Structures are given as C-alpha cells and as structure tokens.
Amino acid sequence: MTAETAVYAAGAVCWRIIDGRMHVLLIHRTVHGDVTIPKGKVDPGETLPQTAVREIAEETGLEIALGVPLGISRYLMPNGREKVVHYWAGEVSDRALQNSTFKPNGEVAALEWVTIKRARTYLSYAPDVEILENFSLLVEQGVTSTFPLILLRHSKAITRSTWHEADTARPLSRRGVQQAAELVETVKAWHPTRIVSSPAVRCVTTVRPLSAATGIKVKFDERISQDAWSAGDADVRRVVGKRVRSGRSAVICSHGPVLPDIVREIALATSTPLGSYVTDAAELEPGGFSVVHLSATNSGSGIISIETHAPRA
C-alpha cells in the first residue's frame, strides 16, 4: 500500500476527571451505528495536528489543545485502501464543556463520557482500543496532564553569501516568509500561551504571524540568539528553566546551532536521562519544530514525549 493511495486522518482521546475518576469521550455515530474515538480525514491543505483539532470541534463541539501523541493506527477500509490515523491526547477543560456547541446530527448521534474500563468494551474497533491502551499507560504513570514547549527553528533565511550586513539582520527568503505563515494554524493546535524568540530578524519574522494570529506578544531574549551562542554569552539554562517552571505552553524560536543546547537543558531540568533523542529533536530544517511534552504536575518526571514536525513542502 503506497502513501499516495492511503487515506490520512487524525483524532484525539478526549479526557477529563469526573468524580475523581478518569473518563474518556466516545462518539456514537449516526449512519454507521458504531462507537469510536473522535477522528476524521485530513482536508486538502491541512496538517495532521490541524485536522485533529478541527475534527474534535466538528464532531464534539469541544475546543481542545493537543497533548501527548498516542500513536498511529492503520487498517484497511472496505474499498481496500489503507487508512492511517494519528492520535493525540486532549484534556477537556470546564470552559470547553461550557462552550460546547454539540447537537445530535446526521454524523454523530450522541456523546458519552465513560471510564477507560467501560470504553474497552464499548469501542467498536480494535485499532481504537489499541490507542485507548496507549492513553491508559499515561494514566497509570500519572502523566496525563502535560504542557508543551514548542522548539521552533526560524524559517528559511536568505543565504549568508548574498547578505553583506550584520548576520542578526539577515531576513527570511520568500520561501521563509511563506513557511512562517504556514506554521500558524499548525502550532495553534497546541494552544501556546507564550512566545519567546531570539531577537535576530529571521527569528522575529518567523514568529510574527503566530503572534498576530494569537494576540500573544513576543518576548525577545538575546540569551538564545546565535550571536550570543557564538560568543559564548548564551544563557539557555535560565531561559529554559523559566519555561519549565512556569508549566505553561510556549513557543521558543531560535537557531540551528542553539537548539541542541535548548533540548539538553529541558532534559536536565526535568531529570531526563540524556540520549540520542536530544540530537534527533534538535535536527530541524528551517521552519521545522519539535514539541516537547512535559508533566504539568511533576516537573521531575522527565520528558513525556517528543514529536517533530518538518516544514511543509
């Protein structure tokens, strides 16, 4: 089965605590008469994180921020094509419940909050149960409540050979400007509340569209700039430490040479053993980003998960 013929989709295990017990949200589909985890097909031009958030909103009326990735299910549809579904966890806040727009419709007949134990027997399909089990492992480990640090490498800049002024003033290329715009809807899927950026023009211009779309003011920090790193004056540890302590979702936009230090400091700040993942998470193309998921309740429990997203072609 080739990637060209596969059908891609995305969804989330939506969860909340009810009377002290973990519950997950299942949907009863109208036409199919089955019970599933909310998910849906990728629309043209969408990324998978965008799809997951949009489909949750359309099927359940709930606005969520993506949490930890839960894996990928693959199965054959009746027409013989493979369906590939990417899943995340998604905590449902009280505010999201209060603002829910759900009404029974031609696609979804009902929503039901159930315990994980009951969900195992309710779900109609084995691939959904496998994703539920992945979520159950997080529950057993006590790391369901998380927050993301989104490590973003600035978008593509014009080459050094064509720029004859200070490197910090080197602007984005035309493709880089496009990448910066394309990042917005995808990064919004994690609901960032802070944007921290190197003051270099290529970083500032990368996060400016995200700032405009979210209303979040960019905090410029010389301590994660390439100039400071090259001069030995960078102070990545203080920048990262503040972000870890805050327990709030944030975008950190910096440069290729600085990113390995940022990932390393996140690992050290959360008592995570160092490994090859540090290199992997930092090896980003211009306009690429890694999402580092940390526990919101126990910063010493280590990095929960890292997912890396390449820039769109």
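This is a predicted model: local features need pLDDT of at least 70, side-chain atom pairs count only at pLDDT 80 or more; totals for chains, interfaces and linings use all residues.
Which residues in H5 meet which residues in H6? Residues are numbered from 1 along each chain as its sequence is written, and side-chain values use heavy atoms, with hydrogens and water left out.

Helices (H or I, at least four residues) and strands (E, at least two) are DSSP runs numbered from the N terminus. Ala-180, Ala-181, Leu-183, Val-184 and Val-187 in H5 meet Thr-205, Thr-206, Pro-209, Leu-210 and Ala-213 in H6, contact being defined as heavy atoms within 4.5 Å. By class, this contact of H5 with H6 comprises 8 nonpolar, 2 polar and no charged residues, where Ala, Val, Leu, Ile, Met, Phe, Trp, Tyr, Cys and Pro count as nonpolar, Asp, Glu, Lys and Arg as charged, and the others, Gly among them, as polar. Helix H5 (residues 174-187) packs against H6 at an angle of about 45 degrees, with the axes 8 Å apart; axes are lines fitted to C-alpha atoms, for helices over the stretch in contact, and angles run from 0 to 180 degrees between N-to-C directions. H5 is therefore oblique to H6, given that angles under 35 degrees count as roughly parallel, over 145 as roughly antiparallel, 65 to 115 as roughly perpendicular and the rest as oblique.

An open sheet of mixed pairing is formed by 6 strands in the order E10-E9-E11-E8-E12-E13, two strands being paired if DSSP finds at least two bridges between them. The edge strands, each pairing on one side only, are E10 and E13 (303-309), and the twist averages 20 degrees from one strand to the next. Strand E9 (residues 194-197) runs parallel to strand E11 (residues 250-254), to which 4 bridges join it, and Ser-197 stands opposite Cys-253 in E11. E9 is also joined by 3 bridges to strand E10 (residues 218-220), again in parallel, with Val-218 in E10 as the bridge partner of Ile-195. From E9 the chain crosses through helix H6 (residues 201-214) to E10 in a right-handed β-α-β crossover, a term applied if, with the strands pointing away from the viewer, the path from the first strand over the helix to the second runs clockwise. Strand E12 (residues 289-295) and E13 run antiparallel and are joined by 6 bridges, with Leu-294 opposite Ile-303 in E13.

H6 lies across E8 (146-153), E9, E10 and E11, at about 165 degrees to E9, while helix H9 (residues 259-269) lies across E8, E11, E12 and E13, at about 165 degrees to E8. Helix H8 (residues 236-246) packs with H9 at an angle of about 50 degrees, with their axes 9 Å apart, and the two helices are therefore oblique to each other. The residues of the contact of H8 with H9 divide into 7 nonpolar, no polar and 4 charged.

A further pairing is that of strand E5 (residues 69-76) with strand E6 (residues 82-91), which is antiparallel over 7 bridges. These strands form a hairpin with 5 residues between them, and Gly-80 in the turn has a positive phi of about 90 degrees.
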